[in-house]
Amino acid sequence: MIEVKNMSKSFNNKLVLNNINTVFEKGKTNLIIGQSGSGKTVLMKCCIGLELPDKGVINFDNRPFSTISEKKKTDIRKEMGVLFQGGALFDSFNVEQNVMFPLNMFTNKTPEEKLERVNFCLKRVNLENVNKLFPSEISGGMMKRVAIARAISNSPSYLFCDERNSGLDPKTAEVIDALISEITEEYDITTVVNTHDMNSVLQIGQKISFLYQGQLWWEGDKTSILETDNPELQDFVFSTELTRRLKKK
Amino acid sequence: MLKLLGEYLILMFETFKRPDKYSVFRRQLMIEFIGLGVDSIGIVAIISVFSGAIVAIQTAYNIDSPLIPLTMVGFTTRQMMILEFSPTIISLILAGKAGSRIASEIGTMRVTQQIDALRVMGVNPANYLILPKITASMLFNPLLIIFSIGLGISGGWFACVITNLVTSADYIEGIQGWFEPFTITYAIIKTLVFALIISSVSGFLGYTLEGGSVEVGKASTKAVVYSSIIIIFFDLILTQMLLV
């Protein structure tokens, strides 16, 4: 469980996040949604420690995170898996070395044990026989899956995914969504997904937090989001031609 | 300027920390030995041989007085290679080759969020990325410079022999005469300082990069320009401190 309490963040005197209070629940896929510029990425960056909140606290299972030193943050960071927008795979490493990286850094497993774990994780994301390929040799969807495999290789307690469907076709995006949802339930981890893709929202949104102009505007799940009478959220949910047509029907 | 210096010192403080895992550090170090050291052998060899040859021929042509023995050609070539050419000019060439490589590699990692990925994994990115490069440069560059001195002097001998400007015996006598062992120490000290400058300044410019791919190119160019200027500046200071 990740708890965000009274959190605010500004850049150059411009308030980007204003007094955010929310809880990302364990064993659930928690979505942060909102338009571009609503503060989703900043909220996630604060949660993973890439930005420091100006005010408020972030706790990981009742352990303070945002207020402690960088050195102490390392222990909590070792329990995190992060899937970045572009995958952020290491160019100079092949797929196997990328997935093995957290195991090399933080475990004392033997090379055989590490390889076994890597193969298990790659198989879990439906990738096989790609161990020796480099990131430049695989497709965008495969990169995302390798990044998921790397994120789960060290059995994280918290999984963060930032706009993981950007640049993917709808079918591949659905596969990635399903994978994240399955992994969350299978390993009982706290997953936080940052997205503006309504397909993802309706597919995996077990808990949804809607950000509007830097404020937490609405919270609910994938069923209640369709029945909301909140005008700003309605505007966001039914912003595409397709969703508007579906609503009419 | 002061802000930049402060940011550089903070980054170096992060860089010179105990590696998270020594086995990973050793592996990275071996990669950098090859990338920054072994891969530079070719260019260093070619430039050193030709420069030694040019210095020898120019010295021979400029000795007009019969009072100056021809052994001075070998002596001058040796002194030029040890005191200035190998440590400074080769370091400037390495600033171009290795410096731009370091800045563009780390800069690309910055814009593609690979550095963020390292940080959120709990790895100290500065230590993981920059320390092996600094260590490899400081260990390998002195070897490159010794190699360059040897090749430069050999190039001078070869040029003298094929052009018949100086006999082989005179040249060899010249390179053996009035030898001060401290000049080698001086060359190595300069090389170590220059290696630190090239790797740390280029690493800093790549690591602190903000923006996209255009900025990677700019950082790469800046790495070469800044490293070269700082090398020349420190060359003056070290020469004044160590030789005068």
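**View 1. Chain A as a whole, in a predicted model.** Of the 249 residues of chain A, 41% are classed as buried. Please keep in mind throughout that this is a predicted model. Chain A holds 9 helices and 10 strands. Its radius of gyration is 18 Å, close to the 18 Å given by the globule rule for 249 residues, so chain A is as compact as a globular protein of that length. Taken along the principal axes, the C-alpha atoms of chain A fill a box of roughly 55 × 45 × 30 Å. If you count the contacts in chain A between residues at least 6 apart in sequence, 66% of them join residues at least 24 apart.

**View 2. The two domains of chain A.** The domain assignment divides chain A into domain 1 (1-79 + 158-176 + 187-249) and domain 2 (87-155). Where the two meet, 7 residues of domain 1 of chain A are in contact with 5 residues of domain 2 of chain A. The side of domain 1 of chain A that touches domain 2 of chain A is made up of 3 nonpolar, 2 polar and 2 charged residues.

**View 3. An open sheet in chain A.** Here you can follow 4 strands of chain A in the order 2-1-4-5, with antiparallel pairing. At the edges stand strand 2 (14-24) and strand 5 (63-64) of chain A; each has a single partner strand, so one side of each is left without a neighbour in the sheet. As a reminder, strands of a sheet pair through backbone hydrogen bonds, either parallel or antiparallel.

**View 4. Strands 1 and 4 of chain A, side by side.** Strand 1 (residues 2-11) of chain A pairs with strand 4 (residues 55-60) of chain A in the antiparallel sense, over 5 bridges. A handy place to start looking is Glu3(A), which stands opposite Asn59(A) in strand 4 of chain A.

**View 5. The contact between chain A and chain B.** Now for the place where the chains meet: 15 residues from chain A and 13 residues from chain B take part in the contact. On the side of chain A that touches chain B, helix 2 (70-77), strand 6 (80-83) and helix 3 (95-106) of chain A each supply at least two residues. Helix 3 of chain A gives the most to this side, with 3 residues. Sorted by class, the side of chain A that touches chain B has 9 nonpolar, 4 polar and 2 charged residues.

Notes: Residues are numbered from 1 along each chain as its sequence is written. Chains are lettered from A and ligands numbered from 1 in the order in which they are written. This is a predicted model: local features need pLDDT of at least 70, side-chain atom pairs count only at pLDDT 80 or more; totals for chains, interfaces and linings use all residues. Ala, Val, Leu, Ile, Met, Phe, Trp, Tyr, Cys and Pro count as nonpolar, Asp, Glu, Lys and Arg as charged, and the others, Gly among them, as polar. Domain bounds come from an automatic or database domain assignment. Two strands pair if DSSP finds at least two bridges between them. The radius of gyration is taken over C-alpha atoms; the globule rule is 2.2 Å times the number of residues to the power 0.38. A residue is buried if 20 or more other C-beta atoms lie within 10 Å of its own, exposed if 12 or fewer, and partly exposed in between; C-beta atoms are placed from the backbone.
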